[in-house]
Amino acid sequence: MIQILLLLEIVIANNLRYLTKGTIQNIWNIEGSKCYGVMFDAGSSGTRVYVYQWNCRETQTMPYVSLSEKSIEKKIKPGISSFASKINDIPTYLQPLIDFAISNVPQEMMSYTPIMLGATAGMRLLSIQQQTDIIKQVQHLFLKSGFLFLSEQWARVITGQEEGAYMWLSLNYLLNRMQNEDQVTTIDLGGASTQISFKPKGNIEDGVIDLIIPDLNEYEIFSNSHLLYGMDQALVQIHKLFQDNQTFIIKTPCYFNGYQNTYDNDPNYTVIGLGDYKECKRIIRQYLHNNPDNCSHSNCGINGSYQPKIDNNIIYALNGVQSMVSLFGFQNYTLSQYSNKVISFTSLIWSDIQQIPEYINNPYIHTDFFSSIYVDELLSYGYAINKDQIIYSPDKIYNISPSWTIAAMFYQLAQIQCQYDSPICIQLIK
């Protein structure tokens, strides 16, 4: 059992900084005080920074972001993991995101504003030494940013299980279901990994994670992550089956018939699309490998790993799933509805695609033959979701992009006294 309880290494200098901030009552309008937080999501395909705002904390509890606020966010590419062999370029890479955060936080609040980074599956694919080298650069940059950076734990590679749990917490937080008896199930699909998290009605045999929130509750949930089963990595792994190392050609059933171009993941190869829906689906199922004969538990999911049966009737599938279903105009849908759209979409040939403006203007449309089928099979076969189950894949919830980052920041803040991030903290005023 894992407890996400962060042990913050706070040095004495960080405590002394508050002695120079003046008389709090005279500086701040207590009732109207707004606090800020800066959170970096260092994913496999890019890094995104979020700037959150909330009513400043008076006591040690989880902050509550205003759901009327719009997401303030900015993304850059490629992923930070691509800098493993060019560590010294990381400051130049991240500085535009730090500058964006600075421009969205009042100067007088900079020293109260926590800055954090969570690196996900792209970094988990690197060696431990490469991860360490990259993270040390980030920590050094954050320390001199002018924002509040209390602990090395505030910039780190998070586990897949944590990533899934934070997404679960974020969604239930945004949907105001933290106090409900039933919370929603969350599925997250990134470039390198996919996560599923929910609170089963029965016992959990494995993959338990405890979320302990001061002044609120303790939640025991199931959370699991599958590395190499994200959208991009699944495509890379499956295409290895079709690589001809003599001719440097990849003839794949998972690209549109008539497509031919340089392979995105290795410019030495040429991809030739065959457009075979049934064969592509068969290979994806083989890759997901959710076979009862491969299961040593009471119930299994992807690649024979333990997964309780999903007994919750509210499922949110996000990020890569959302990007694909939105291609067909969906936000709420059943897998039967989505599957019908996929079959129709993959019946097109590449010359058809080039005649449809909303498709040809999409820079990822050439891989969407694969991606559309992969999302369908991941949900219906990999995670064993019923075809008639309604799934929700919104782009925003109350104007905020659903992401694991909001819970990751708030959960970590809930573990520390509020005098560090709040000018109206009761402990500080006293």
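Student: Which side chains does Glu 73 meet in a salt bridge at 3.9 Å, N to O?
Tutor: That would be Lys 396: the side chains of Glu 73 and Lys 396 form a salt bridge, with N to O at 3.9 Å. Keep in mind that this is a predicted model.

Student: Okay, and where do Glu 73 and Lys 396 lie?
Tutor: Glu 73 is in strand β4, while Lys 396 sits in the loop between β17 (390-392) and α14 (404-413), so the pair ties together parts that are 323 residues apart in sequence.

Student: What other salt bridge does Glu 73 form?
Tutor: Glu 73 also pairs with Arg 48, and their closest N and O atoms are 3.0 Å apart. Arg 48 belongs to strand β3 (residues 47-55) and Glu 73 to strand β4 (residues 72-76), so this pair links parts 25 residues apart in sequence.

Student: Are those residues buried or partly exposed?
Tutor: Partly exposed. Glu 73 has a relative accessible area of 22%, Arg 48 has 25%, and Lys 396 has 38%.

Student: New topic. What does the UniProt "binding site" annotation cover?
Tutor: According to the unreviewed UniProt entry, that annotation covers Gly 191, Ala 192, Ser 193, Thr 194 and Gln 195.

Student: Let's take Ala 192. Where is its place, and is Ala 192 buried or exposed?
Tutor: Ala 192 is in the loop between β7 (185-189) and β8 (193-198). Ala 192 is buried, because its relative accessible area is 2%.

Student: What is Ala 192 in contact with, leaving aside neighbours within four places in sequence?
Tutor: Its contacts include Ser 44, Ala 121, Gly 122, Leu 125, His 226 and Tyr 229.

Student: And Thr 194, where is that?
Tutor: Thr 194 is in strand β8, and with a relative accessible area of 0% it is buried. Its side chain reaches the backbone oxygen of Asp 188 at 2.9 Å. Not counting residues up to four places away in sequence, Thr 194 touches Ile 187, Asn 224, Ile 302, Leu 378 and Tyr 383, among others.

Student: What about the nonpolar core? How many residues has the largest one?
Tutor: The largest nonpolar core has 79 residues, and those with the most contacts inside it are Phe 40, Ile 80, Leu 94, Leu 117 and Phe 142. There is also a second, separate core of 57 residues, with Phe 256, Val 271, Ile 283 and Phe 328 among its members.

Student: What is Ile 80 in contact with?
Tutor: Leaving aside neighbours within four places in sequence, Ile 80 contacts residues including Ala 42, Thr 47, Tyr 93, Leu 94, Met 123 and Val 138.

Student: Last one: where is Asp 376 found?
Tutor: Asp 376 is in helix α13 (residues 368-382). Asp 376 counts as buried, because its relative accessibility is 1%.

Student: Which side chain does Asp 376 make a polar contact with?
Tutor: The side chain of Lys 387, at 3.3 Å. Besides Lys 387, Asp 376 touches Leu 335, Tyr 338, Ser 339 and Tyr 381, not counting residues up to four places away in sequence.

Student: And how are Asp 376 and Cys 35 separated?
Tutor: Their C-alpha atoms are 41 Å apart, and the two residues are 341 residues apart along the chain.

Conventions. Residues numbered from 1 in each chain as written. Predicted model: local features only at pLDDT ≥ 70, side-chain atom pairs only at ≥ 80, totals over all residues. Heavy atoms only, no water. UniProt positions renumbered as here; feature names shortened; annotations may be inferred. Helix = DSSP H or I, 4+ residues; strand = E, 2+ residues; numbered from the N terminus. Buried < 20%, exposed > 50% of the residue type's maximum accessible area, 1.4 Å probe, protein only. Contact = heavy atoms within 4.5 Å. Polar contact = N/O pair within 3.5 Å; in protein donor to acceptor, adjacent residues only side chain to side chain. Core = buried A, V, L, I, M, F, W, Y, C linked by side-chain atoms within 4.5 Å. Salt bridge = Lys/Arg side-chain N within 4 Å of Asp/Glu carboxyl O.
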